[in-house]
Structures are given as C-alpha cells and as structure tokens.
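Take a look at the structure below.

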Amino acid sequence: MNTLCDRERVYLDYRDKVRRYISGKVRNIHDIEDLTSDVFVKVYEKLEKFDGEKASVSTWVYTITRNTVIEQTKLVKNCPKRWCRTTA
C-alpha cells in the first residue's frame, strides 16, 4: 500500500475528516491547514509500514491525526508567547 494511487486514495478519503477533527481542537485556520498537511506527510512517510491486520486505515489515520494535534498542543504550551501563535 505505497503506490501513488494508494496515497491519493487515502488523501481523498480522509482529508475532510482529518480537517474536521483538527478544526474541533484548533481554532487558528493557518494552524488547521498546517496540521492537516503535517498529518498527510506523516501518513505518506509511514504508509509502507501500515499493517491492515492491526488496525483499519481509518483508525490508523485518526491515530496519526490525534497524535499530531497533541504534539502541537505540547509545543504551543511550552513556547514563549512572543514566539508562537496560539492554537486555542
């Protein structure tokens, strides 16, 4: 599951769902766009390691999405306000 068609299919199937999930956690539109892109970069980088016996594609993509949002939240929380945009 690492062909261009697989990547395109995952993106087309999940882009709106990922964006909606992130929009529920993050308010800044630019951060939403950046995080959505970050999620799909991670998905593409890990696509050949995906194991359909461990989880569905949906569960796998949502786990990556959730973890990406959590990572961003931690970064913002630890970042001095003068250096970072807030996501809340």
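Predicted model: local features only at pLDDT ≥ 70, side-chain atom pairs only at ≥ 80, totals over all residues.

Leaving aside neighbours within four places in sequence, which residues is T65 in contact with?

T65 sits in helix α3. Beyond its neighbours within four places in sequence, T65 is in contact with V18, Y21, I22 and V39.

Is T65 buried or exposed? Its relative accessibility is 0%. Buried means under 20%, so T65 counts as buried.

## Two helices packed together

Helix α2 covers residues 29–46, and helix α3 covers residues 57–77. They pack at an angle of about 130°, and their axes are 9 Å apart. That angle makes α2 oblique to α3. The crossing of α2 past α3 is right-handed.

Which residues make the contact? From α2 come L35, D38, V39, K42, V43 and K46. From α3 come W60, V61, I64, T65, T68, E71 and Q72.

## The nonpolar core

In soluble globular proteins, nonpolar side chains tend to be buried together. Here, the largest nonpolar core has 16 residues. V18, I22, V43, W60 and V61 have the most contacts inside it.

Which elements give two or more residues to this core? They are α1 (4–23), α2 and α3. The most come from α2, which gives five residues.

V61 shows some of these links up close. Not counting residues up to four places away in sequence, V61 touches V10, Y14, V18 and V43.

Key
Residues numbered from 1 in each chain as written. Heavy atoms only, no water. Axes fitted to C-alpha atoms, helices over the stretch in contact; angles between N-to-C directions. Helix = DSSP H or I, 4+ residues; strand = E, 2+ residues; numbered from the N terminus. Parallel < 35°, antiparallel > 145°, perpendicular 65-115°, else oblique. Left-handed = near helix turned anticlockwise from the far one by under 90°. Contact = heavy atoms within 4.5 Å. Core = buried A, V, L, I, M, F, W, Y, C linked by side-chain atoms within 4.5 Å. Buried < 20%, exposed > 50% of the residue type's maximum accessible area, 1.4 Å probe, protein only.
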